[in-house]
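Trainee: I have a model open and want to learn how to read it. Can we go through it step by step?

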Amino acid sequence: MSRNVDLKEMKVVDLRKLAQKRKVHGYYKMRKEELVEALSDESESVIEYEDISEIINTMNSNPKIHQLRKIAKKMGISFQRKIKKNELILRINREISKKKTWEVVDLKNYSSPGGEKVNFNKENKTENIPELKKTYLKDKIVALAVNPEFLYFYWDFSNQTKKLMEEVISKNLKTYLRVYDVTYIIFNRNNAHTSWDYEIGKGLKDYYVHVPFANASYIAEIGYINENGLFIPLLRSNSAHTPQNSFSERSEEKWLELESGFKLSCTSKGILSKPKVDNIGISSAEFGKMNEKDIKIISGGGSFMRKEGGENK
Amino acid sequence: MTKGYISLVLHAHLPYVRHPQYEEFMEERWLFEAITETYIPLIRVFENLEQDNIPFKITMSLTPPLLEMLDSRDLQEKYIRHMKKLIELSEKEVEVTAEEDRTKNKMAEYYLEDFKDALNLFEKKYNSSLVSAFKHFQDKGNLEIITCNATHGFLPLMERYPNAVRAQVKNGVKTYERHLSRAPKGIWLAECAYSAGLDKYLAEENIRYFFVDSHGVWFGDTQPKFGVYRPIITENGVFVFGRDPESSEQVWSAEIGYPGDFRYREFYRDVGFDREDEYIKPYIDSSGVRLNTGIKYHAVTGRNIALGDKDYYDIDKAKQAALEHAADFANKKIEQVENLYKAFDGTVPIIVAPFDAELFGHWWYEGPFFIENFFRKLNEKEVLKPITPPEFIENYIDSVQISTPADSTWGANGYNEVWLNGSNDWIYRHLDEMIERMTEISNTYKNEKNQLKIRVLNQAARELLLAQSSDWAFIMTTGTTVEYASNRTKVHVDRFMKLIDWLKTSAIDEKELEKIEWLDAIFPEIDFRDYIME
């Protein structure tokens, strides 16, 4: 495998990128020939993949000192004659780890035709799966519509709010999620059509709430009721809109003339040959059935649901 | 006399599953199975119809992740390797079944030929590029390829973030343009999910039409005069085609749907599970996990029949069933347009029948053959003709009703609950946090000139998009391969956070960046500036 040939076939832009990556001095003012030359000098010590996997195999099979010396020479590692075995292993491994990252870089060329051989990762496929943060320490409550009958809320607290909530609870005051129906109004906290409270204990981070209306807007607040019986809000959500699940009652329909761009209005006569509308729209029973493992109705009348647990699965 | 039109819409999509660091990876088989069982059989159908001069029109969404995977050199190589092994297994099967049963043996021989032909088509005829095959039929005018939002993200649950929605749409358009050398006219919104206002982002990208489920049109802000049988247009000037519920039911329904015919192939009996360990070991996952190989010898046989009691499958009988069903479907559609034409007082209706492409072939093995013969049947009469949505818009619309569709999806029960329920709701706090950080960081670095930092920002945008694939939430709901979906979500969130931290601390690990770029090598033309919010 001659790297020179590969390099000559590459575009100048790509050569320049490669040169930048390999920190070739003054790459940006080089012409193509110069780039190829500079890069092929660089590449001379790069070991081919077959070799590297062979080396790794040898390293894994408890090599003798003379084998190590041979490998070190091959890899261009300089060492003194009296070098200790352990030190040599260390240096070789260091060099291998460098090569391994090279391998990753070079594999990118794989996706271009005529790419090179890939030395696949033979490790177990049990990569470390990271655990995600349980909180981002942000004050936030988010409302999302599930369907015409349910909303989902999740929230997160800053340290400050979290502390405040804990203080409130320690005073035996109760914390609530208060949901407001704000359909067609600009909410000012006093003008909601109705509102409902759901007590939220410590540690709860989300909630499913059953709401009465489709095609309606809802906002929620998290807060507590103070010693004087006043609701003190701490966080407010966005407004979420439940989907419409019935025919519009609008009496006018509008049409667009494509050629002229004119818009015309006329009285709506409704839909010609009304369809059978079954299977659309849902009942809470069906919703419950779908997730019976995860969602449990915990309140009378199935008015709201909450998820067991609440943490990442 | 032509009284109506039909648009068959096939939504071809798989999430971006590509693990180049492994020689084989079980979930990469999703693509391989879809290629062998759906994409190649569909291409053969197109070829057959083209050869016989049968006019056919199919609208097909090839989603950006699917385009990127079909175009990925390493997945193409892996597919070829996969097929070579499958052919090797089929050769053994021909020998083994010769001792077992004649019907089985006939099928073994059929599979061997079929797989050889598929590999030949893939490797030789289309030079490993199935995208070029689809493009060919688009250029011929039979296929209308549309795009999808970038990673099939579920847009209604990110509508609070205009920049996130915009990036999904923009990258869907850009990816389409790179692979298909023209701009997309239409889009399939992931999960057929619409929520009020999404049409604005489509209009910004010059997308002319999209699809919603039936109730999206029915429950729109004005009653649609023609129901789902003529498009409406939104205030932002984008055409909306509604799904015909009857076509869906004829094909999908568990009770009356065609794929349940007893003569058809049974999906859940496969030699990957039936053969002895030693024999099958080289052809299943190297961990020993058994899986579908695609070699199946049993028929549906009957209702409530245990898998163990199924009869052997005979492809000739199954093809007979598919012919009957194709004729029946054509007749039903003809009857439907005749009724609609009458009800509409001479205005021509369009029936829009969207399906997951992978239904045909992968789930319903005889599905592609059904499609081929449906077009052959239609060609025998004048009443109903196939059409693509843009052709219908150009030729059969003088005036169009203005209406905003209702929020809707094509998921179970019609709304968001498949993608938002107790099994998957935990992902949204992370996805939202990613969007917020992406916005913040894009604003901070909007004039960045340093190439390395720009690479970090662009890669962060890729990680965000990949985490947003609706597939992960869907898989968590269905309960199969949940661990993979959950891991994918976590890995992309984690990589994203790492990249963002590098920028904040000005300590960019260039080698690690290269590795991440290689692993998640989607959307080369991505621009993090799409996330800037003024």
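Trainee: Which residues is Phe153(A) in contact with, leaving aside its neighbours within four places in sequence?

Mentor: This is a predicted model. In it, Phe153(A) is in contact with Ile141(A), Val142(A), Ala143(A), Leu177(A), Asp206(A), Tyr207(A), Val209(A), Ala220(A) and Ser237(A).

Trainee: Which residues have the most contacts inside the largest nonpolar core?

Mentor: In soluble globular proteins, nonpolar side chains tend to be buried together. Here the largest nonpolar core has 188 residues. Those with the most contacts inside it include Phe153(A), Leu144(A), Leu189(B) and Ala461(B). Helix 1 of chain B gives the most to this core, with 10 residues. A second, separate core has eight residues, among them Leu7(A) and Val36(A).

Trainee: Is Met438(B) buried or exposed?

Mentor: Count the C-beta atoms around it. A residue with 20 or more others within 10 Å is buried. Met438(B) has 27, so Met438(B) is buried. Met438(B) is found in helix 15 of chain B. Beyond its sequence neighbours within four places, Met438(B) is in contact with Ala460(B), Ala461(B), Leu464(B) and Tyr531(B).

Trainee: What do the buried residues of helix 12 of chain B pack against?

Mentor: Their partners in chain B include strand 1, helix 4 and helix 13. Among the buried residues are Ala322(B), Phe329(B) and Leu340(B). Asp345(B) follows helix 12, and its phi is positive, near 60 degrees.

Definitions and conventions: Residues numbered from 1 in each chain as written. Chains lettered and ligands numbered in written order. Predicted model: local features only at pLDDT ≥ 70, side-chain atom pairs only at ≥ 80, totals over all residues. Helix = DSSP H or I, 4+ residues; strand = E, 2+ residues; numbered from the N terminus. Buried ≥ 20, exposed ≤ 12 C-beta atoms within 10 Å, placed from the backbone. Contact = placed C-beta atoms within 7 Å. Core = buried A, V, L, I, M, F, W, Y, C linked by C-beta atoms within 7 Å.
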